[in-house]
Amino acid sequence: MRCTVIRKSTALEDIVPTGKIEELESLAKRRRELLERICKAEKVEKDAIDRAKAVRAAKTKPLGKELKSLDSRLALLLFGRKRYFWARFGKTIKLADAVITYRTVAKSLDTPKNVAPVINFLRNMRGGNRFLTWTPSLNRDAITNSGESLQSKLKPLGAWVGRHAIITIKTTGQDEPTTLDRRRFPNRR
């Protein structure tokens, strides 16, 4: 909707119900006036939101960079001194301001965000439907437990099968933990 200049308005109650063209013109004019006011208020709101976003971005950009550097340093420390920390604390380290966990996920399928190429490949492959559940989506367990032949064909599409080692940190006040490090280990039969 395009906003235009607001003119002197007429209240709905002031429009006389005559049933003639003048009433119709007055109602249409009032409707335009109301839409102009709504449009102006929405523009003011949008401008305020844009300014607030710009201020927030300016304030948080350096903080985000520092947080990324800090997480990188944490990951290096936690991975490099893994045996020391495991011997002293086990795989869960409880600190005053955070809980750090080391966990290794059992053999599972790791795929790119867009699984359409993998699904299309399996649909066109002889016997590939057994690796799909129909909406269609990937049957992750079937692919995970399939042979090396299929897994090697899916690898160029971004799918990978093996164990994952993940290090996370959950700071006090944080809803979800942040992944600091994620590593893949080849499947050994």
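How many residues lie between β5 and β6 in the hairpin that they form, and which residue in the turn has a positive phi? In this predicted model, 6 residues separate the two strands of the hairpin, and the turn residue with a positive phi, of about 95°, is G173.

The pairing of strand β5 was examined on both of its partners. Strand β6, which spans residues 178-186, runs antiparallel to β5, and 8 bridges join the two. One of the residue pairs involved is T168 with T179, the latter being the bridge partner in β6. Strand β2, covering residues 98-110, is also antiparallel to β5 and is joined to β5 by 11 bridges. Here Y102 has I167 of β5 as its bridge partner. Strand β5 itself comprises residues 160-171, and because 9 of its 12 residues are buried, the strand is largely enclosed by the rest of the structure.

The largest nonpolar core contains 13 residues, of which L109, L122, L138, I143 and L154 touch the most other members. Helices α3 (116-124) and α5 (148-154) each supply at least two residues of this core, and the greatest contribution, 3 residues, comes from α3. The surroundings of I143 illustrate how parts of the chain meet. When residues up to four places away in sequence are not counted, I143 touches L109, L122, F131, L138, Q151, L154 and V161. Another core, of 11 residues, lies apart from the largest one, and its members include F85, I93, A98 and L180.

Charged side chains were considered next. A search of the whole structure finds 7 salt bridges. One of them links R32 and E36, whose closest N and O atoms are 3.0 Å apart. Both residues belong to helix α1, which extends over residues 21-80, and the 4 residues of separation between R32 and E36 correspond to about one turn of the helix. The two partners were also compared by accessibility. R32 counts as partly exposed because its relative accessibility is 29%. E36, with a relative accessible area of 5%, is buried, since buried residues are those under 20%.

A further salt bridge joins the side chains of D110 and R182, with an N to O distance of 3.5 Å. Because D110 lies in strand β2 and R182 in strand β6, this pair ties together parts that are 72 residues apart in sequence. D110 is buried, with a relative accessible area of 13%, whereas R182, at 45%, is partly exposed.

R183 counts as partly exposed at 31% relative accessibility, while D181 counts as buried at 14%.

Technical notes. Residues numbered from 1 in each chain as written. Predicted model: local features only at pLDDT ≥ 70, side-chain atom pairs only at ≥ 80, totals over all residues. Heavy atoms only, no water. Buried < 20%, exposed > 50% of the residue type's maximum accessible area, 1.4 Å probe, protein only. Pairing = 2+ DSSP bridges. Core = buried A, V, L, I, M, F, W, Y, C linked by side-chain atoms within 4.5 Å. Contact = heavy atoms within 4.5 Å. Salt bridge = Lys/Arg side-chain N within 4 Å of Asp/Glu carboxyl O.
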